[in-house]
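Here are some notes to read alongside the model, written as numbered points. Please keep the sequence and the structure open while going through them.

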Amino acid sequence: MTNIIETDVLVVGAGPSGSITSLLLSDQGIRNIMINKYGSTSPGPRSHITNQRAMEILRDLDLEDAANELATPQAMMGNVFAESVVGQEFGRLYAWSTHPTAKAAHDLASPCSVCDLPQLYFEPLVVSQCSLRGSDVRFHTEYVSHVQDADGVTVKVRDNLTGSEYKIRAKYLVGADGARSKVAEDIGLPYEGQMAVGDSGSLNIEFTADLSEFVSHRPSDMFWLLQSGIGVNGTGVGVLRMVRPWNKWVCVWGYELAGGPPQLNKEEAAAVVKKLIGDETIRVTVDAMSNWTINQQYATRISSGRVFCMGDAIHRHTPMGGLGLNTSVQDAYNLAWKLALVIRGAAGSALLDTYDVERAPVAQQIVQQAYKSLEKLPPMFAALGLPPVPSQTDLQNALTSLKSADAKGAVMRTNLRAAIDDTLVGFGGGHGVEMNQRYSSSAVAADGTPDAGFSVDPIFYYEASSRPGSHLPHAWLIAGKKKVSTLDLCGKGRFTILTGITGGALWAAAAEKASTALGVEIVVHVIGPGQAYEDSWGEYRKVSEIDESGALLVRPDMFVAWRSLDGKNAEADKLTSVLRAILGV
C-alpha cells in the first residue's frame, strides 16, 4: 500500500449512474477511475423502462441509436391483465404513452422515445464506451473505506482477485454503489422511509420459452396475472415481464419474508412459471433466480464534502413507474458537468453544493410516487370481490361472475375496468413525474418573472417551460435538409445561448467576452430564416417564451440557467455577472 494511484474522480459502482458519470467525465477530459466489486456488469435484466429523459442523455452521448438497436421499441410496450397468459384476459392497458392521445403528448415533449432496454444490455453499452473514451474501468475492485481532507479523498480499495489492498487518491469520490451503499454509510447519509416494506418479498425467475403464440397478437412487455397464493407485494398477482420478444422473460412471484427466500431447484421454478403461463406443456428453461423486497427510502442529504452519492444509494423504491434507472442517470447528468468545471478551475465549490439542493428533492418525489403507484394494484381484487390472497375457488367464482349477464356481473366489469385504468400512473401515466423536474438553486439565475407554477397536474402531465430552472423545451428545427431538436444544439458539457436574428450579433459578442473572462465554453446558436437553424414550424418561438432579441442560457445538462426576455440584457457585463453567480466564482 505504499504506491498511491492518483485521479480526478473515483466512481464506485459501474451501474447506470456510475457508468454515465464516468462516461460524461471522460468526454469532458476529466481523469476518472470507475471500480466495480463484481466481475461484470449486471448479469440479469433488472431495470428495463428507459424514459425520454434518460434517452436524451444517451442522445447527448451519441448512444441513442445504439440503445434503440438493443431495446424493444415503444410500440411493443404495454400491459395485459389476465388470469394467466393463456387464460381469461381481464383487460389491456395503453401503457408507456402508447395511447394515441398520450403518444402525441409524448412525441411533443422530446426528440426521444421511451423504450424497454433492460439493464442487462444498458450497462455493457455504456461501460464499454467508458473504456473506449478514456475511463480507467476496474472490475473485481471493491471500495473499502475513505478519508477526506481539504484537498481530496484517499480511498482504500481491494482487488478481489488477489485480496491485496491499495489506495487511490482522488479530488472527488462518487458513491454509485447501489441500495446497500458502503460509501453512503461511511459519510452518514440520513434516510427517511424503510427497507423491506410489508410482509412479503418477490422472487425473480429468468427463463427462456417461446410464448409468441400467446402474446405476439397483443404485444406487451408486461403481463399481470391474478393467481391464487402469495404473489408480488403479498397479493395474488404474478408478473411475466418480457426481456426479449417473445422468448426471454422474467417471472415474478412472491414469498413470505418471515420464511426467507424460497430455495427452489430449477424444476420447482419451472413449475411456478408454468402456473403463471397456464400451460403445463410449454417448454421452459430456467436461466437464473434472484429475490428482492419492496423498499421505500430516500436520502434527505446526498453529499458530504468531496463525496457525492447517486442512484440507488439515495433513492430505493418499488419498480412501479419505471423511475429507478432513469432517475439514476439524471443524477449523473446533473453532477458530472459541475465536477468537470470545478476540477478545471472554471467554477467554485459552491456549484457542487447545488447537486444536493437540486437532486435530493427529486429522490424524495420519485420514492413517494413509486409507492403510491404500487397502491393501485389491490383495487383490482376489490373490483372482482376477491381477498388480497385469493384461493383457486375464489378466482373461479370471480371469473364466473365477471362473465355473467346479471347486474352483479355488470357492476363487476365496470369496477374492474376502472381499477385497471387507475393503474396507468404506475406504467408511464405519470409523464409529469418523469419530465417536470424544476430546479431552484444558486446554479439557476432568476429572470425576474413570477413563477406561475403548473397549469396542469404535474404528476400526470408534462408542461414545457423556459423559465430558469426548467428543462429546455424541445422543438424541431430545420438545419439544411435535416430535422434537429433544440436539445441537439445544447449539452456536450458546455453552456449554450439560443437567440433569434435580432439578438444574434449582440449575444455572440457578449458570449465571447464572458467566455474569455470566465474560461468556460459558451456556444451561441441563432435561430431564424436564413440561419443555420430555422424555426420552420414556429414551435421554437412558442416554447422559448422570449422575443427574438432575447436569449436562453442553457446549462450543460440542458436546464435553463437564465433567460433574457428581450435584448436589453445582451451585454458582456450582465452575462458575465449571471455566469459568475451560477459558477460560484
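1. In which loop does Trp246 lie? In this predicted model, Trp246 is found in the loop between β15 (237-244) and β16 (248-256). The peptide bond that joins Pro245 and Trp246 is cis, with an omega of about -10°. This deserves a careful look because most peptide bonds are trans.

2. Two further residues deserve attention for their backbone angles, since most residues other than glycine have a negative phi. Trp96, which is not a glycine, has a positive phi of about 55°, and its place is in the loop between β6 (89-93) and α4 (100-109). His140 is not a glycine either and has a positive phi of about 55°; His140 lies in the loop between β8 (136-139) and β9 (141-148).

3. Are these two residues buried or exposed, or something in between? Trp96 has a relative accessibility of 3%, and because buried means under 20%, Trp96 counts as buried. His140, with a relative accessibility of 29%, counts as partly exposed.

4. Two packed helices are described by the angle between their axes and the distance between the axes. The axes of helix α1 (residues 16-27) and helix α5 (residues 119-132) come within 9 Å and cross at roughly 25°. Because angles under 35 degrees count as roughly parallel, α1 is described as roughly parallel to α5. The crossing of these two helices, α1 and α5, is left-handed. On the side of α1 the contact is made by Pro16, Ser19, Ile20, Ser22 and Leu23, while α5 contributes Gln119, Phe122, Glu123, Val126, Val127, Gln129 and Cys130.

5. Phe122 is buried, with a relative accessible area of 0%. Leaving aside residues up to four places away in sequence, Phe122 touches Pro16, Ile20, Leu58, Leu117, Leu325 and Val329. Glu142 is 20 residues from Phe122 along the chain, and the C-alpha atoms of the two are separated by 22 Å.

6. A second pair of helices can be read in the same way: helix α15 (residues 501-518) and helix α17 (residues 572-583) pack at an angle of about 45°, with their axes 8 Å apart. That angle makes α15 oblique to α17, and α15 passes α17 in a right-handed crossing. In α15, Ala510, Ala511, Lys513, Ala514, Ala517 and Leu518 meet Ala572, Leu575, Thr576, Leu579, Arg580 and Leu583 of α17. The residues of this contact of α15 with α17 divide into nine nonpolar, one polar and two charged.

7. The last point concerns an open sheet of four strands, in which the order is β25-β24-β26-β27 and the pairing is mixed. The strands at the edges are β25 (522-527) and β27 (560-564), and each has a single partner strand, so one side of each is left without a neighbour in the sheet. From one strand to the next, the twist averages 15°. Strand β26 (residues 551-554) pairs with β27 in the antiparallel sense over four bridges, and Ala551 stands opposite Ser564 in β27.

Note on methods
Residues numbered from 1 in each chain as written. Predicted model: local features only at pLDDT ≥ 70, side-chain atom pairs only at ≥ 80, totals over all residues. Heavy atoms only, no water. Axes fitted to C-alpha atoms, helices over the stretch in contact; angles between N-to-C directions. Parallel < 35°, antiparallel > 145°, perpendicular 65-115°, else oblique. Left-handed = near helix turned anticlockwise from the far one by under 90°. Contact = heavy atoms within 4.5 Å. Nonpolar A, V, L, I, M, F, W, Y, C, P; charged D, E, K, R; others polar. Pairing = 2+ DSSP bridges. Buried < 20%, exposed > 50% of the residue type's maximum accessible area, 1.4 Å probe, protein only.
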